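User: Please take a close look at a single part of this structure, the interface between the two chains, and describe it in one connected account.

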Amino acid sequence: MSWIKEDELNLLEKISANVLKAGPMPKHVAFIMDGNRRFARKKHMERQEGHMQGFNKLAETLRWCKHLNIQEVTVYAFSIENFKRTKDEVDGLMELAKQKFLKLLDERDNLEKHGVCVRVLGDLEMLPLDLQELIAKAVITTKSHNKCFLNVCFAYTSRYEITNAVREMAWGVEKGLIRASDVSEALLSECLYSSNSPNPDLLIRTSGEVRLSDFLLWQTSHSCLVFQSVLWPEYSFWNLCEAILQYQLNYKSIQKARDLHQEHQALLQLEADRACVAEHLQHHGNGKPADAQRRQEALLHYTTCREERIQDFLEALKHKRDSYFSDLCSKDVLA
Amino acid sequence: MALLYGLIWRLLLILVHINRALVSWVRVRLRSWKGRLWERAIAALLLPLALAGFPDHQKKLNHNPDANAVTGNRAASRRSRWLSDGRSLEKLPVHVGLLVAEEEPSYTDIANLVVWCMAVGISYVSVYDNHGIFRKNNSRMLEEVVRQQQDLLGVDGSKYNVEVLSNSCDKHQHYVVSCRPTVKVLSPEDGKQSIVQAAQQLCRAVENKERSSKDISVSMLDVLLRESKNFPDPELVVKFGPVDSTLGFLPWHIRLTEFISIPSHRNVSYEDLLNALQQYGSCQQRLGQ
């Protein structure tokens, strides 16, 4: 029931992994681990048992990802919508989470050996306080590890995440750290819970459902989406290979779309900066239209200042988030 | 060793492409073979009766239905067939998104899809491609939809008057205002960019001390993103093309959207769309529970 499984791949799996690695590999894979309850029904077990099997499968999947050099994995463990389930089931899931995070803290030496950094993304204030404290401990303990990254989305929905990012930017404006005109797509991305990770290259959903269910909607706009009908607790190495192959088939066209989008973003930013500079020159100029050189200098100066402002704001945001976790930890120490 | 793996990988990719090409070839052949088989069966059954006028009968079978003098009747029967198809579905989406992930879109085929959607009873249809081509050629899209409407639904297609909305320009091309099927042409600007614009609006309000950052909620952002047009979220997105990605389509609005893929929008048939709608009908949304 451990987080880390240390077995090697068998010969056939090793060969297939090497074949796949000859092509472009995703660096960040996201999983919607759907199908635990259906699996439990199918095997005539309790729901809770289905969720436990689901966790085991997660540990195994992380092992496969390590062998495939997939450095970062994000999983959808608990949605804010799941609070709507029966009290029994929600309590059961919270209890399971507590056990798993306790186990994680037990295994901290092993985690350090493998360099696993665990992050938890979501509106964590919605969770019971003792679970929040455990999460804070787990996050702080593994913070400095940097070989591979596991992001667990708990009490998470994408809309809440985006709204929170907007709220943080508004907080930045309130504190005078940034201006409303600094708000851009890039800045919003930096304010999401997932700001420490690149966007997922591949999103896999199991159990045959073909929707995103409010998961990483912003981050997966240009990701490869693979919907597989296998139930999560039955997920196999070959299912993962199939998904990666599909990623490889889509690689060129998605890369092209991403590049197009990035070009467009850069253009929009340049236009926005120019507009701000033009307004500034109009207000502070002496009535004469500024020449091209002066405009260029002003643009460069404005862009530099804007980037500095944004860096300061992001530092303040990081500090705010780190304090949330360290406060929870110290509270536990004092208690 | 790495070279060997590289070769095997390339071989694997080629095999997958061949497999896909075979599958789509078989699909197309099966469809046309089934069609011809049906016509042949009818011809065979009617052969004894039509022996005398056989050449005439063959001509009738091969005759282009649109050139027929009873076009009006055919359009009416098509309309009622499509409407009953819509009614027979377990559930019908209120808003369908058509996501074209192919280069060089075909306006006729898209217009066909739009008209079929409306005929089946879908109230809102949006059309999207990630290059913004549809948005740039908004008026051409509209003309094509109107033309297909008349072709497929007949002169009495006025029941399905279309309201085509375009966001970036201030003028809306209204045809009829209330309770009509509405078509929206979308581009990547309607996705992340409109979320950023809503965020800027809220931040400006905070800058002007009209609002506090703590007031910002999911429902507030949702209202801003829905603008005044009150388009519901798409329940279904039909994706055309080989790319397995949403390519920036309305990230905020697709949280519960079902994604169904059709290999290509070129020469797409009504049956393809109906299959997708039937597949949608059998999806079960548990909404977190």
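**The interface of chains B and A**

Between chain B and chain A there are 7 salt bridges, a salt bridge being a side-chain nitrogen of Lys or Arg within 4 Å of a carboxyl oxygen of Asp or Glu. One of them joins the side chains of E258(B) and R211(A), at 2.8 Å from N to O. On the side of chain B that touches chain A, the elements giving two or more residues are α1 (2-50), α7 (192-207), α8 (218-226) and β6 (258-262) of chain B; helices (H or I, at least four residues) and strands (E, at least two) are DSSP runs, numbered from the N terminus. Of these, α7(B) gives the most, with 11 residues.

This is a predicted model, in which local features need pLDDT of at least 70 and side-chain atom pairs count only at pLDDT 80 or more, while totals for chains, interfaces and linings use all residues. Residues are numbered from 1 along each chain as its sequence is written, chains are lettered from A and ligands numbered from 1 in the order in which they are written, and side-chain values use heavy atoms, with hydrogens and water left out.

The contact (heavy atoms within 4.5 Å) takes 57 residues from chain B and 61 residues from chain A. Together the chains bury about 5000 Å², 62% of it on carbon and sulfur atoms; buried area is the accessible area (1.4 Å probe) that two parts lose on being put together, summed over both.
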